[in-house]
Amino acid sequence: MTKNIRLVLGALVGILLLRNLYVILFNLPDEMEQGPVYRIFYYHLPAFFAAILCYITALVASSMYLIKKNLRYDAIAMSATEVGLAFAAVNLITGMIWGRISWGIWWAWDARLTWALICWLVYFGYLMLRQAIDDPTERAKNSAVLSIFAFVSVAITYKAIEWWRTQHPGPVLSIRTGKQLIDPIMENMLYMNFLALATLAVLMVIIRLNQEEMQRQIDGLRRRAHAI
Amino acid sequence: MVFLQIAAKDLRSELRTKESLNASLSFAVVILLLFSFAFDPSSEAVAEFSGGLLWLVFAFAGALILNRSFARELPNDCLEVLIASPVSGAQLFLGKTVASFVLLLTIEVICLPIFGIFYDITWIPQALPLLGIFALGTWGMTILGTLFSALTVNLSLRELMLPMLLYPLMLPALMAAMRLTTILLAGNAIAGNDMVWLRLLIGFDIIFTALSLALVETILVR
C-alpha cells in the first residue's frame, strides 16, 4: 500500500519537476533587471517554504511524541528535520549562487541570510544529538524537547536578527526586501514549483520514515538473534 | 524553596573542590589575552565591539561551568538519587540553574575589571546597569545551558555537544546582551530604540524559564 503511494507520488513529483523545469527554462521570459539568473529564484523560495513546512511538521510531531510517547512521531520528527535540512541547504546554496552573480559576493551578512544559516545550524545540532544517543526512547524524548526549543529560539532569532542587522543597513537589504514579483505568470510559476518541491519533501519524508521503520525491525530481529 | 537547598548544595561542593570555577576563570583570562593578538588592543575601535568580546568570553566560560552542572552528579550515581528523591524535577533544575548562575556571574564580575585594565575600558560609572545586564544575560544562558546539560549528561561527547546546541539557541539573548553591554561600556544610557534589546532579553529569559520548567520533568524521568 505505502509502496503504491510512494510510486504515485514519485511519478507525480517527476512529472511536475520536469514540466516546471521546461517552463522555467524555455517558456518564461528573462527578468527585466536581472536577466536569466533570476530563474534560480523558482527553486530558492519554494525550497525555503518546503524547509519551513518540514520544521513545523517536526515541531508538531515532537510535541505529539511528548504527549503520546509513540515512537512513530519521533520517526516523523526526525525524517521531517532531515528533509527540511536538505531543502534549507538548497535554499542557502541557490541563494549564494544568485548572490555571487547579482551582488558579486557569495555571502552577505543580511538578516535573512544570517537567520537561515543559524536555523540550519540549530537543526543540524538536533541531528547530532540524535546520533549521540543510543537508547531509542531516551533519544526520542531528548530530541523532542530539543526540537521544541529549537523552534521557539529560531522564531525569536528571526526578529532579533532583523533588528540587529537593519541597525547597520547593508547595500543588499533593499534589493532583498523591496522586491516584488508583479508579473502573475512568474508568481504562478513560483506556486507551481512550490507544489512540486513540497510534494518532493512529502515523498522524501515518507521514504525516510519507511527506512526508519525497517531499521527498527532489523534492530528487533538482531536483538532476538542475540537472545537466542 | 527546596531549589535553594539544591543550589546551596551545588555551590558548597563547588567551593570545596573549585573544579569548574578555577578552570573556567583561567580559561576566561586566557581568551581575554588571546583577543589582544586578534586585533590592536589599544585602538579606539575596541570600545565599539567590547560587549561582543566580553560576552564571547562569558559564553566560553559558561559552557565549562554548565557542562559540570549535571555531570557533577554522575559519580556514585548521585543523579539517580536526586531524581528518586521527593524533590520535583522543576525544583532540582531550578536549583542547579541558580548554582550555575551564581558561579558564572562571579566569573563575569571578576573578568570585567580585568577586561577594563587590559583594553582600557571605563566601566565603573556604569557598574550597576552593567551588573543588571550581566544578570539577565547570564540567566538566559544558564537556564538554557542547564537544560542542555541535563539533556546531554549521559553522552560520551557531552563536552562537545553542549556548546554545539547551546550557542545557536541562545543567540537572541547573546545578541541583546552584547548590544546592551556595548552601549553601556561606551558610556551611554539604555534609552529610546535600545530599549527593544532590553525587552528582548527579558522576554527571552521569561519564555525559556517557563518552557524549561515545563519540560524538564520529561527529560529527567527515565
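What share of the contacts in chain B with a separation of 6 or more is between residues 24 or more positions apart? I got 86%, counting two residues as in contact if their C-beta atoms, placed from the backbone, lie within 7 Å.

Ground rules first. I'm working with a predicted model, where local features need pLDDT of at least 70, side-chain atom pairs count only at pLDDT 80 or more, and totals for chains, interfaces and linings use all residues. Residues are numbered from 1 along each chain as its sequence is written, while chains are lettered from A and ligands numbered from 1 in the order in which they are written.

Chain B, fold. I found nine helices and zero strands, taking helices (H or I, at least four residues) and strands (E, at least two) as DSSP runs, numbered from the N terminus. Next I checked the radius of gyration, over C-alpha atoms, against the globule rule (2.2 Å times the number of residues to the power 0.38). Chain B comes out at 18 Å, close to the 17 Å the rule gives for 222 residues, so it is as compact as a globular protein of that length. Its C-alpha atoms fill a box of roughly 55 × 35 × 30 Å along the principal axes.

Chain B, burial. I see 45% of the 222 residues counted as buried, meaning 20 or more other C-beta atoms lie within 10 Å of the residue's own, with C-beta atoms placed from the backbone.

Where A meets B. I have 23 residues of chain A in contact with 19 of chain B. On the chain A side, α4 (111-132) and α5 (136-166) are the elements giving two or more residues, and α5(A) has the largest share with 14 residues.

Key
Buried ≥ 20, exposed ≤ 12 C-beta atoms within 10 Å, placed from the backbone.
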